[in-house]
Amino acid sequence: MSKLSEAEVQFYMGEALKEAQFAKMIDEVPIGAVVVHDGKIIGRGHNLREHSQDATTHAEVLAITEACAYLRSWRLWDCQLFVTIEPCLMCSGTIINSQIPEVYFGARDSKAGAVRSLYTVLEDQRLNHQVEVREGVAADQAAGLMKSFFKAIRERRKKNR
């Protein structure tokens, strides 16, 4: 992994958690992501599928798109991605295709995670690019956001029956 200090790792994940909070405030699944280059956040994203009605508007994809525009390159060679929840297959493919070398994520996703839970796509040696992965950064906070979000949905559904 890069030579980021633990304080930097926690700071950037804190920024991803802020993005997740933004998603939660607008009734989106609370996942947030930031892309960092040379110590600067150059891409931010939070889930927007419900608002956009576009299946590709995941936090990671939005943050990567913004970072590519900032650098004017699809190659994010010197970047780190911080995301609150383990990336899915689509987002993992986007990470590989943008050639991000490092991903930090919070909590695992047992139903859609493609980095550790269901697959290990980012480290698959058959692909043209592999990614260094660190999991568990602020995992309790990330998981807590998800749990409280889905608990509220279940309670609303129960009330509306």
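Visitor: Why is Cys-88 called buried?

Guide: Its relative accessibility is 16%. Buried means under 20% relative accessible area, exposed over 50%, and partly exposed in between, with a 1.4 Å probe and protein chains only. So Cys-88 counts as buried. This is a predicted model, where local features need pLDDT of at least 70, side-chain atom pairs count only at pLDDT 80 or more, and totals for chains, interfaces and linings use all residues. Residues are numbered from 1 along each chain as its sequence is written, and side-chain values use heavy atoms, leaving out hydrogens and water.

Visitor: How do you know that Cys-88 lies in a loop?

Guide: Helices (H or I, at least four residues) and strands (E, at least two) are DSSP runs, numbered from the N terminus. Cys-88 falls between β3 (79-85) and α4 (89-98).

Visitor: What does Cys-88 touch, beyond residues up to four places away in sequence?

Guide: His-58, Glu-60, Ala-112 and Ala-114. Contact means heavy atoms within 4.5 Å.

Visitor: And Cys-91: buried or exposed?

Guide: Cys-91 has a relative accessible area of 0%, so it is buried. Cys-91 is in helix α4. Leaving aside neighbours within four places in sequence, Cys-91 contacts His-58, Glu-60 and Val-61.

Visitor: Which residues carry the "binding site" feature?

Guide: An unreviewed UniProt entry places it at His-58, Cys-88 and Cys-91. They span 34 residues in sequence, yet no two of their C-alpha atoms are more than 9.4 Å apart, so they gather at one spot. His-58, Cys-88 and Cys-91 also belong to the lining of the largest pocket. UniProt positions use the numbering here, feature names are shortened, and annotations may be inferred rather than shown by experiment.

Visitor: What makes Met-25 exposed?

Guide: Its relative accessibility is 63%, so Met-25 counts as exposed. Met-25 lies in helix α1 (residues 6-25).

Visitor: Why is Asp-27 called partly exposed?

Guide: Asp-27 has 47% relative accessibility, so it counts as partly exposed. Asp-27 sits in the loop between α1 and β1 (32-37).

Visitor: What is the phi of Asp-27?

Guide: Positive, about 60°, although Asp-27 is not a glycine. Most residues other than glycine have a negative phi.

Visitor: Where does Ala-138 lie?

Guide: In the loop between β5 (132-135) and α5 (139-159). Ala-138 has a positive phi of about 55° although it is not a glycine.

Visitor: How do you know whether Ala-138 is buried or exposed?

Guide: The relative accessible area of Ala-138 is 12%, so Ala-138 is buried.

Notes
On a 1 Å grid over the protein atoms alone, a cavity is a set of points where a 1.4 Å probe fits but cannot get out, and a pocket is an open set with protein on both sides within 12 Å along at least five of seven lines; lining residues have an atom within 4 Å of a point.
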